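The sequence and structure come first.

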Amino acid sequence: MKTESPKDLVPKFFDETSQTYDRIVNTTTFGKDKYWKKEIIKKIPSCKTILDLACGTGILTFQIAEKFPESQITGVDITESYLNVALRKMLPHHKISFLKQDAESLALEQKFDCIVSSYIPKYCNPKDLIMKCMNHLKPNGVIILHDFTYPKNRIVRMLWDVYFVVLNVLGYFMPKWRSVFADLPKLIRSTRWLEDYEEIMKSCGLKTKRQSLTWNCSAILTGIKKI
Ligand SMILES: C[S@@+](CC[C@H](N)C(=O)[O-])C[C@H]1O[C@@H](n2cnc3c(N)ncnc32)[C@H](O)[C@@H]1O
């Protein structure tokens, strides 16, 4: 029997959840998603073109647009229903285009000063994703990746494990979120995204930096292309 790859989880997690995603991500992270996104935005340099990969419902995309109103922003996601929610939030002054594409086979007609992504690394093949980012990055450009990590501290880990047991039970009352609450903890425990992406970024000549957030429950990895 074929084992499920992280990418197989993408339609399972996202095909049915777009309408409630914004509320669920905020409540299930106890509002930390907002703080994490603020930390991501702090790392974006003032620049002309920004790509938000796996933009989902556009939570981060619109925050970037508010901070950098002069920048041209592109949001890309593989799930149409998430993009539809993002499109409904668009206001006339926003300089954002939303496109449906698979980040691992990204083919856009332009290069960007900054590529940012929240919650995609664990679903993708690190080499494929970084190669696509490199092909779309301008000289001196920056790649900023954020995702969940499994905490290292024994007590935080215990609390984290218990919390996901509670979410798993809650999933029985929220059928559309059931597989997310059941399978996400396994994926986060098994992913080595931070180490793997950093290694590949370095092999591509990027200067990397890590930031751990909220007792190592998530992390930001930044890679700067020098030239
Ligand atoms: C948890 S949501 C995060 C959305 C948004 N970045 C945020 O922080 O709110 C993950 C998103 O990744 C998208 N995604 C997963 N794999 C992808 C891929 N290979 N290419 C493009 N989007 C992908 C899903 O469709 C989903 O919208």
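Which residues are buried in helix α6 (residues 126-135)? In this predicted model, P126, L129, I130, C133 and M134 of α6 are buried. They lie on the same side of α6, because the arc they cover around the axis is only 135°. The partners that these buried residues pack against are β1 (49-53), β4 (112-118), β5 (137-148), α9 (193-203), β6 (206-213) and β7 (218-225).

With a disulfide taken as a pair of cysteine sulfur atoms within 2.5 Å, the count of disulfides is zero.

|---|---|---|
| C114 | C47 | 5.3 Å |
| C133 | C124 | 9.0 Å |

C114 counts as buried because its relative accessibility is 0%. C133 also has 0% relative accessibility, so C133 counts as buried.

V162, V165, V166, V169, L170, Y172 and F173 make a nonpolar surface patch of about 720 Å². Where is Y172 found? Y172 is in the loop between α7 (154-170) and α8 (178-190). Is Y172 buried or exposed? Y172 counts as exposed because its relative accessibility is 55%, and the cut-off for exposed is over 50%.

Key
Residues numbered from 1 in each chain as written. Predicted model: local features only at pLDDT ≥ 70, side-chain atom pairs only at ≥ 80, totals over all residues. Heavy atoms only, no water. Patch = residues over 30% accessible without salt bridge, like charges linked within 9 Å, V, L, I, M, F, W, Y side chains within 5 Å. Areas by Shrake-Rupley, 256 points an atom, 1.4 Å probe, with all protein chains shown as cover. Salt bridge = Lys/Arg side-chain N within 4 Å of Asp/Glu carboxyl O. Helix = DSSP H or I, 4+ residues; strand = E, 2+ residues; numbered from the N terminus. Buried < 20%, exposed > 50% of the residue type's maximum accessible area, 1.4 Å probe, protein only. Arc of directions from axis to C-beta. Contact = heavy atoms within 4.5 Å.
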